[in-house]
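Please look through the sequence and the structure shown below before reading on.

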Amino acid sequence: MSTRVIVGGQWGDEGKGKIVDVLTQDAHVIVRYQGGNNAGHTVVIGDQKFILHLIPSGILRDGKICVLGNGVVLDPVGMVKEIDGLLARGKVLDGRLFISDRAHIVLPYHKEEDAGAESQADAATKIGTTKRGIGPAYTDKVSRKGLRAGDLLAADLKENLTTRFIQRNERLAAAGMTTLPVAETVEVILAAAKRLAPFIADTTVMLHKAIRAGENVVFEGAQGTMLDVDHGTYPYVTSSNASAGGAASGSGVPPNRIQEVVGVVKAYTTRVGEGPFPTELSDEIGKHIATVGREVGATTGRPRRCGWFDAVVARYAMMVNGVDWWTVTKMDVLDGLKVIRICTAYELDGKVIENMPSRVEDFARCKPVYEDMPGWSRPTLGVTRYEDLPDEAKSYLKRLEKLTGAPVGIVSVGPRREETMEVPGGIPRKG
Ligand code: IMP
């Protein structure tokens with residue numbers, strides 16, 4: 001039996017989808033534990049590209065069980081679209097896809113509230129959300145007013161939804177936001193609920209049975225540590241616990257059953273949406289990284305902000321998640337650069353600090369302290385064995401290990417399964 005969390009060590013988009021796909025070869029069950037369709041996981045298999053928002057990328061491996069845990073917020077219409085997309089490409093989902101009956105539902109008014117709040121915000125208060133209704137759905141959850149997947153199965157669903165839509169329209173109108181046609185919208189949700197009903201189950205019990213039976217379970221994090229509502233750059237964060245701790249609360253699997261945490265970081269840093277980003281590059285190198293790395297959001301199509309690797313962020317992520325080892329993705333994007341910089345500390349009001357300040361106002365004033373490393377003498381693109389990486393690339397990885405305090409176990413140099421290599425001795429063997 002093995003239980004492993006795969007978690008983003010930066011601001012999301014670290015390439016977790018691909019790594020989950022690679023690391024689920026021996027898994028029986030793959031679990032999403034937080035977030036919703038604000039996430040976008042891209043996996044390329046042969047000449048086929050899949051972008052998944054809610055369903056774990058493990059669904060692409062035949063026979064694996066995929067679970068959306070209680071910590072997820074689920075947009076029923078988006079979920080049906082995703083299911084239909086997979087069915088159309090020949091994927092079998094019956095008996096393989098399960099939605100926790102405790103997962104909260106994102107309703108159309110959540111999306112209106114999200115988009116409305118963003119359009120009404122000024123430059124200082126705008127978060128730059130994905131407008132998928134994530135924040136408002138989690139707000140309803142913690143204020144104990146949410147609708148859960150299990151409620152989609154109840155006989156009174158139509159009345160329940162109608163009451164909610166009428167009440168929420170009043171609130172939307174009062175806030176100067178777009179109201180929704182009640183009867184029509186209720187019908188849309190009822191139709192989606194009917195489609196989702198066969199997938200809704202008590203996944204907490206399922207997961208406990210799977211672990212007791214010795215099955216391998218992989219927990220797939222969405223977003224990243226710096227977007228975690230507690231540990232990230234608050235308030236420029238998402239509304240869930242994207243870090244490894246969320247795997248326990250978001251699935252019902254107790255923390256002492258989770259054996260390993262794999263952190264995923266890009267060889268550089270990106271961020272989508274608002275909020276400070278000390279190593280951001282607004283120059284030609286930033287543009288080069290964005291172009292070569294095709295840094296465009298998989299969910300919103302927004303261009304991602306790009307910058308150098310920030311070891312202060314990664315060290316913090318290592319600490320908060322208990323990262324046992326890293327996967328470093330997109331090494332190839334740095335191919336051809338003469339000098340590669342790593343941020344090792346910050347300068348804040350004339351003092352050098354090695355840890356992240358908690359207040360975003362302080363974080364915004366942090367200036368990166370850089371260390372320069374030579375770029376690689378030949379490309380990493382196309383390399384399939386760690387031994388064949390250029391020496392400078394190996395030194396860069398060694399430096400990241402030293403600065404972050406965890407070993408690098410896997411390196412990725414492209415979107416395909418084959419473009420992934422294990423670092424000899426990099427994955428610590430437990431037990
Ligand atoms: P929300 O999750 O839509 O509320 O957005 C809050 C913040 O998280 C915004 O800065 C988004 O750009 C960011 N965000 C949400 N999901 C993702 C993701 O999957 N990758 C990267 N950033 C994300």
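A residue is called buried when its relative accessible area is under 20%, exposed when that value is over 50%, and partly exposed in between, with a 1.4 Å probe and only the protein chains taken into account. The model is predicted, and local features therefore need a pLDDT of at least 70 and side-chain atom pairs count only at pLDDT 80 or more, while totals for chains, interfaces and linings use all residues. Residues are numbered from 1 along each chain as its sequence is written, and side-chain values use heavy atoms, with hydrogens and water left out.

With that definition in hand, we can turn to the aromatic rings. F277 is buried, because its relative accessible area is 7%, and W11 counts as buried as well, at 2% relative accessibility. A pair of aromatic rings is described by the distance of the centres and the angle of the planes. Rings of Phe, Tyr and Trp (for Trp, its six-membered ring) pair if their centres lie within 6.5 Å, and the pair counts as stacked when the planes are under 30 degrees apart, as edge-to-face when they are over 60, and as tilted for the rest. A search of the whole structure finds five such aromatic pairs. One of them is formed by W11 and F277, a tilted pair with 5.5 Å from centre to centre and 45° between the planes. This pair links distant parts of the chain, for W11 is in the loop between β1 (3-8) and α1 (16-23), whereas F277 is in the loop between β12 (269-271) and α9 (284-292), 266 residues apart. The names of these elements follow from DSSP runs numbered from the N terminus, where helices are H or I runs of at least four residues and strands are E runs of at least two. W11 and F277 also belong to one aromatic cluster together with Y346 and F363.

Rings can also have a charge over them, which is counted here if NZ of Lys or CZ of Arg is within 6 Å of the ring centre and within 35 degrees of the ring normal. The charged end of R89 sits over the ring of F50, 4.0 Å from the ring centre, and the charged end of K394 sits over the ring of Y386, 5.6 Å from that ring's centre.

The next stop is the ligand. A residue is near a molecule if one of its heavy atoms lies within 4 Å of it, and of the 15 residues around the ligand, D13, N38, T130, T238 and R302 come nearest. This shell divides into six nonpolar, seven polar and two charged residues, where Ala, Val, Leu, Ile, Met, Phe, Trp, Tyr, Cys and Pro count as nonpolar, Asp, Glu, Lys and Arg as charged, and the others, Gly among them, as polar. A polar contact is a pair of N or O atoms within 3.5 Å; within protein, one must be able to donate a hydrogen and the other to accept it, and residues adjacent in sequence count only if both atoms are side-chain atoms. A polar side-chain atom of D13 lies 3.0 Å from a nitrogen atom of the ligand, a backbone N or O atom of G128 lies 3.3 Å from a ligand oxygen, and an N or O atom in the side chain of T130 is 2.6 Å from an oxygen atom of the ligand. The protein covers 96% of the 470 Å² of accessible area that the ligand has on its own, with areas from the Shrake-Rupley method and a 1.4 Å probe.

The side chain of N38 has a polar contact of 3.1 Å with that of Q223 and another, of 3.3 Å, with that of T238. Q223 lies in the loop between β10 and α8, is buried with a relative accessible area of 9%, and has a positive phi of about 55° although it is not a glycine. P235 is found in the loop between β10 (217-220) and α8 (245-249), and the peptide bond from Y234 to P235 is cis, with omega near 10°.

Which residue has a phi near 60°, a positive value in a residue other than glycine? That residue is R144, found in the loop between α4 (134-142) and α5 (157-174), and R144 counts as exposed because its relative accessibility is 77%.
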